[in-house]
Structures are given as structure tokens and as C-alpha cells.
Amino acid sequence: MSHSQRATRCAGHTTGPTSPPLACTIAAVASLLGVAACATEAEPSGVVEQVCQIATTATAPESLEIVGCYSDFQALASAKLDTSIPGARSVKVVYDRTDGQLYFQNSLKYQIHYDFAKAHLSGRDLPLVSALSEFNQSEYFSPERRFILGAVTHYEGPHIWAVELAPYDTASSEMILTLFREVKASVYFGPELSFHPTSVAVASEARSLPDEVPIRTTDDIYLGIDYQPLNLATATGRLRIMTAAELETTYVGYRDIVVLDVVPNDISVVSGIVTEEFQTPLSHINVLSRNRRTPNMGLKGATHNPTIRALEGAWVELNVGSFEWTLREVTTAEAEAEWAIRRPSPVVLPAVDTHVTELRNIEDVVVETATVPLRDAIKSATLAFGGKAAHYSVLAKTEGVPTPKAFAVPAFHYLQFMNGNGFFSRVDELLSNDQFVSRAEVRDAELAKLRAAIHDAPVDEAFQAALRSKLSSDYSGARMRFRSSTNSEDLEGFPCAGCYESHTGDPLDWDDVLYAIKDTWASIWLFRTFEERAYNGIDHKSVAMALLVHHSFPDEEANGVAVTSNPFDPSGLQPAFFVNVQFGGDVEVVHPPPGTTSDQILYFHSEPNQPVSYLSHSNLIPEGQAVLTRSQIHELGEALSAIHERFSSAYGPKAGNEGWYAMDVEFKFDGEAGQTARLAIKQARPYPPPS
């Protein structure tokens with residue numbers, strides 16, 4: 001509707017004692033601006049708009065004191081810095097307690113409160129705004145603060161309007177109430193406004209709010225969301241609708257876009273993934289999608305969605321965006337042209353260092369010196385001991401990071417085993433077999449036979465003697481975990497997270513140890529892993545597996561994965577650790593059974609009050625409880641902070657990386673019955689940056 005049309009409709013509008021407060025304010029402002037001041041159209045949630053102050057073609061102002069229509073909100077709004085709850089746009093608000101003025105700041109131009117306050121609320125007849133560090137300390141934590149800072153967020157899926165504070169803000173319930181009332185009186189959607197606590201601490205303070213402030217929890221908001229963008233990307237492929245259970249018996253290819261009922265534990269290379277069940281960002285499926293740079297999303301009712309069902313079996317283009325997804329049919333020619341552009345360039349693995357043959361204590365795997373920086377030292381160690389052992393070696397020498405005592409078996413012994421038993425010749429025969437190359441079911445069956453043969457083959461006696469000696473002298477009486485560590489993990493261009501398996505063996509049963517080692521080696525020849533390498537053009541025989549060896553974890557209280565930067569905030573303006581943790585050790589957070597949820601938290605470790613925001617809760621423990629105690633979260637945060645800092649010289653700012661940087665960390669809390677469970681860090685590797 002044009003402004004002239006709006007003015008015609010509103011010609012009879014008057015204000016007076018019976019007019020609502022916002023309408024009175026709007027009428028006055030409208031008179032000055034020369035725009036209409038009465039109800040117009042309904043915005044998406046059904047609230048009746050009052051007036052638009054910003055012309056359709058006008059540049060958005062620095063701020064508004066009232067928001068009278070949806071288009072004005074959109075003109076000021078930005079995507080939330082924290083996208084942990086998808087499909088939201090937000091306008092930051094500043095309430096100045098010195099003069100009682102409320103400002104809805106242009107959040108596209110001013111991403112943080114400080115920038116707006118410094119530009120518009122400092123000097124002239126107003127108190128000066130201090131430097132950023134002082135501003136953050138006073139305005140988010142001090143009871144005597146000048147400003148009350150927050151945001152008004154519209155969650156588009158459930159059509160929820162909410163006032164929010166930063167998770168670490170220590171505002172009192174009186175301050176929250178003041179901000180809520182001021183916002184409610186200044187927005188056209190005031191009757192639908194609620195308050196959304198963004199952390200446990202804020203939720204605790206919100207319990208003191210009066211009934212006039214409706215509370216919307218994160219769980220409430222999630223209930224109304226049907227679309228979860230996980231890896232933002234575009235791809236073409238043939239659309240297939242199936243159940244996750246069918247993946248056990250049905251083969252999918254790298255040109256397929258697969259729509260599934262629930263989140264599978266694993267999937268071979270595909271062009272895109274849609275699941276009806278929502279995923280955690282650290283799920284194995286999403287990590288695979290990030291590594292492959294392929295679109296991945298959750299969509300409730302996906303397998304019955306009319307748009308999707310109408311295109312089943314067709315060549316399609318899937319686009320996963322921040323706020324919406326699109327699916328359109330394409331021609332075969334378009335699909336082939338897009339694939340030619342998107343197909344990965346062949347990856348050449350670094351050559352294995354076969355000169356290293358001795359079993360080596362983990363501290364001695366990576367040798368960093370004044371002339372050999374950390375990144376180069378890790379790369380050098382990877383040639384003999386693989387990426388997992390190399391990164392673990394750095395962890396073991398990092399203060400504040402608890403790691404189990406460990407040693408490494410170099411990749412030389414895998415190559416010796418494979419050559420000595422003629423397995424590489426067998427691989428050559430398979431690769432020259434047309435049926436093996438062209439038919440997935442043949443590859444799967446033949447690779448299974450190869451793994452069985454590896455399981456039954458003899459292991460070099462000299463290697464066995466060295467291993468016996470190491471275990472008996474340094475690790476007597478304990479079950480041992482033999483973990484894969486290859487030259488094809490954690491690489492630029494081919495991270496291959498979760499490609500290979502690890503197995504446990506009991507030294508009191510030597511055959512059990514040998515089977516654990518051989519089954520770990522054999523995981524190089526798993527079907528999904530083989531397909532991943534083929535997709536990336538990797539020479540299968542160039543992969544070599546070392547072993548990272550330490551005690552197993554028999555009494556896990558919790559297992560989890562964490563990222564040392566906030567994956568929901570690519571800007572870096574809302575720093576936090578993201579933690580996905582599950583009770584016990586039987587259910588892994590990255591491979592959960594269908595319907596199983598875990599604790600997902602954002603931990604703002606760098607803030608003075610270190611708040612915790614729960615995005616979801618484990619359904620394996622009683623409602624209202626958490627997997628980790630507050631002290632355990634702090635213990636984990638200290639280790640994550642140390643890891644983030646330590647690897648910065650290899651992958652982060654200290655290495656010249658000015659973009660997004662994070663480490664992907666696996667951890668356990670482990671302890672025997674009656675003992676306090678203690679943290680153990682299992683692994684750290686670079687985490688792919690957001691799309």
C-alpha cells in the first residue's frame with residue numbers, strides 16, 4: 001500500500017483520552033512526518049499495524065523511538081548474531097535511564113549497542129559514553145548502569161515477539177520490567193510481546209517478574225519452528241525420499257539429495273540432506289555436510305511435504321538459506337553443468353614417513369622448536385603418526401588440559417601388515433574389476449570380505465614383541481583403546497571427521513589386542529569411507545593408519561563434543577563455547593539413536609558471570625536436571641579456553657587467520673563408582689568455518 005493510499009484510509013483518525021498510548025505517540029509523530037497514523041495491514045502474526053515511519057524506498061534511519069509497522073521493524077532488523085534458534089530477526093534496543101528515552105537502533109548499521117550509544121548518546125547534553133571495555137563492564141553488569149540494553153526479536157516460525165537480554169547481562173528483575181514496559185508501549189505488537197530468558201541466570205532473575213510479563217522459554221520457541229538450517233549451501237542432485245533404516249540396505253550416491261525421516265548415524269557421500277528430525281550442529285551428519293560443503297537442513301514433516309513429494313525422483317536444486325529453503329526442478333543438462341563446477345578437485349595425501357618405526361610416547365610425537373612453528377610441527381608428525389595422534393600430542397603438553405597417558409604406533413606397521421599379507425595387491429584387483437567400480441552393492445560386499453581377511457591375518461612378530469613390552473611396562477592390567485590416526489584426517493580440503501573406527505582390547509587376552517588393532521586398521525576399508533575417498537579423488541592405497549593408544553574409559557559419567565567458538569555467531573561478536581553432552585558413555589552425542597536428545601549449551605566462558613544457555617536437554621535423565629554440574633562446566637570451559645589459545649598459533653589468529661577459528665574437542669567425564677568424575681580430553685582438531 002502506498003503512503004497516499006494509507007493517508008486516504010486514515011483521513012478520519014483522531015486522538016484523545018481513549019486512544020491507546022502508542023496510537024497517541026504515533027499520531028504526533030505521523031503529523032510531523034506527513035504519514036498516516038491508523039491501523040493498516042496485518043503483519044505475519046496477525047497483529048494490526050499502526051503506521052509506517054520509513055518510506056518503502058527510504059534509507060533506514062539511525063534509530064526510531066517507536067515501531068508502528070512490520071516494514072519498519074524489518075528496516076531496522078538484522079539476523080541475530082546468535083542463530084542458535086533459527087529463523088529470527090532482531091532489533092537492538094537502548095533505554096537511557098538518565099532521560100527515560102527508548103531507542104530502537106538500526107541493527108544493520110550498528111551491530112552492537114556500544115557503537116550506537118557512542119555515536120548518538122555521548123556528549124552534547126548527555127553524559128559521555130566510555131571506552132568499549134568500560135562500557136561492557138558497566139552497562140551489562142553494574143546495578144548503577146546508565147543504560148538498559150536488550151533486543152526485540154521476532155521468531156518467524158512460531159510468530160513470537162520477545163524482549164531479550166544478552167545471556168551474560170545481570171540486569172535485575174526491576175530493570176527487565178522497566179525495559180519490557182517501555183518496549184511494549186512503543187511497538188504495535190505490544191499485546192503479543194513476551195520476555196525470552198537467554199540463559200539460566202537470566203531465567204532465574206525472570207522468575208521475580210510480575211504476571212504482566214509473559215515468559216517464553218527456548219523450548220516454547222522451538223516447538224513452533226519447523227525449519228532448521230544447518231549447513232547453508234546450494235546443490236543439485238536427484239531427489240530421493242526414504243527412511244534412515246533403509247540406508248542399511250539401500251545405496252545412495254554422491255549425486256543424490258536425500259530426504260529422511262530421522263537423523264541417521266552415518267551416510268555415504270550425498271549432495272544434500274534433509275531430515276524430519278532436527279539435528280545438533282555437532283552431529284556426525286552435520287559435520288560430514290560441513291566437510292563436504294553440501295546443504296543440510298531439518299524440516300518437520302519433510303517426507304510428506306507436498307513440494308518435496310512432487311519432485312521425488314527428479315533432478316532438483318536445493319538451497320538451504322538462513323531463513324528459508326527452496327527446491328526447484330532442473331534439467332539434466334543443468335544438473336550436469338552444476339556438477340562439473342562443484343565436483344571436488346582430487347586430493348593428494350601427504351606421503352607417509354616410513355622411517356619412523358618405534359612406538360613413541362605421545363609427548364614426543366610433535367616436536368615444536370623456535371625454528372619449527374606449531375603448524376609445521378603438526379604436519380611433520382602427521383606423516384608418521386597421523387592427525388589424531390599429532391593433535392593429541394599437543395594437548396598432552398598443554399597446561400590445564402587433562403589427557404590420559406598415551407603412546408602412538410606409527411603408520412609404518414599398518415603398511416608392513418598390508419604389504420606382508422598381500423592386501424594391497426588384492427585392492428589393485430578390486431579396482432580393476434568393472435563390477436566393483438560400477439556397482440555399489442558389489443563394492444560393499446567385496447570390502448566386507450577384505451575387512452574379514454584383515455581380521456584373520458597374522459601380525460608381524462617383532463611388532464607384537466615391542467607392543468607387549470610397552471603395554472606390560474607402562475600400562476599393565478588395563479584395557480586399552482586403539483584409536484585410528486591417519487594421514488587422511490583433519491586435512492585442509494579433506495577433514496574426513498569420523499571416517500575410521502577405534503577398538504578396545506584386553507592385554508590379558510593377546511588375541512583380543514590383535515583383533516582390536518586389525519579391526520581398527522580394517523576400518524580404512526569401510527564402504528562409507530571408501531566412497532568418501534572416491535568422491536574426493538583420493539588414491540586409496542595412499543591412506544596409512546597409525547594408532548593412538550591409551551586406557552579405555554569403562555566408567556563414563558558423560559561424553560560430549562564441544563566447539564571453542566560460537567558456531568551460531570560467525571561475526572565473533574557473541575563469543576561462547578558450544579557444548580553437546582550426553583549422560584553416560586553408551587549413547588554418543590554424535591551418533592544418537594533416533595529420538596534421543598542431549599544437553600546442548602552455549603557457555604559464555606569469557607564473560608565475568610559465565611552464564612550458560614541451554615538449547616536442549618537430555619531425555620536420558622530426569623526432567624529439570626542437567627548432565628554436567630556447574631563446576632564440571634567450568635572445568636570443561638577452562639580446558640576449552642586453553643585448547644583454543646594453544647592451537648591459535650597453528651590455525652587461529654596467531655597463525656595469521658583473521659577469519660573464524662575454532663577447535664572441535666571430544667571429552668569425557670570419567671570415574672569409578674564413588675569417585676568424583678573427572679574431565680578427560682580425548683581429541684582436538686580444527687573445526688570447519690561456517691558456510
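1. In this note, a residue is buried if its relative accessible area is under 20%, exposed if over 50%, and partly exposed in between (1.4 Å probe, protein chains only). The model is predicted, so local features need pLDDT of at least 70 and side-chain atom pairs count only at pLDDT 80 or more, whereas totals for chains, interfaces and linings use all residues. Residues are numbered from 1 along each chain as its sequence is written, and side-chain values use heavy atoms, with hydrogens and water left out.

2. Helices (H or I, at least four residues) and strands (E, at least two) are DSSP runs numbered from the N terminus. Helix 14 (residues 423-431) buries F423, F424, V427 and L430. These residues lie on the same side of helix 14, because they cover an arc of only 110° around the axis, taken from the directions from the axis to the C-beta atoms. The buried residues pack against helix 13 (412-420), helix 15 (434-438) and helix 16 (440-456), where contact means heavy atoms within 4.5 Å.

3. Five strands form an open sheet in the order 15-16-19-17-18, with antiparallel pairing; pairing requires at least two DSSP bridges between two strands. Strand 15 (360-361) and strand 18 (503-505) each have a single partner strand, so one side of each lacks a neighbour in the sheet. Strand 15 is joined to strand 16 (residues 406-409) by two bridges, and R360 has A408 as its bridge partner in strand 16.
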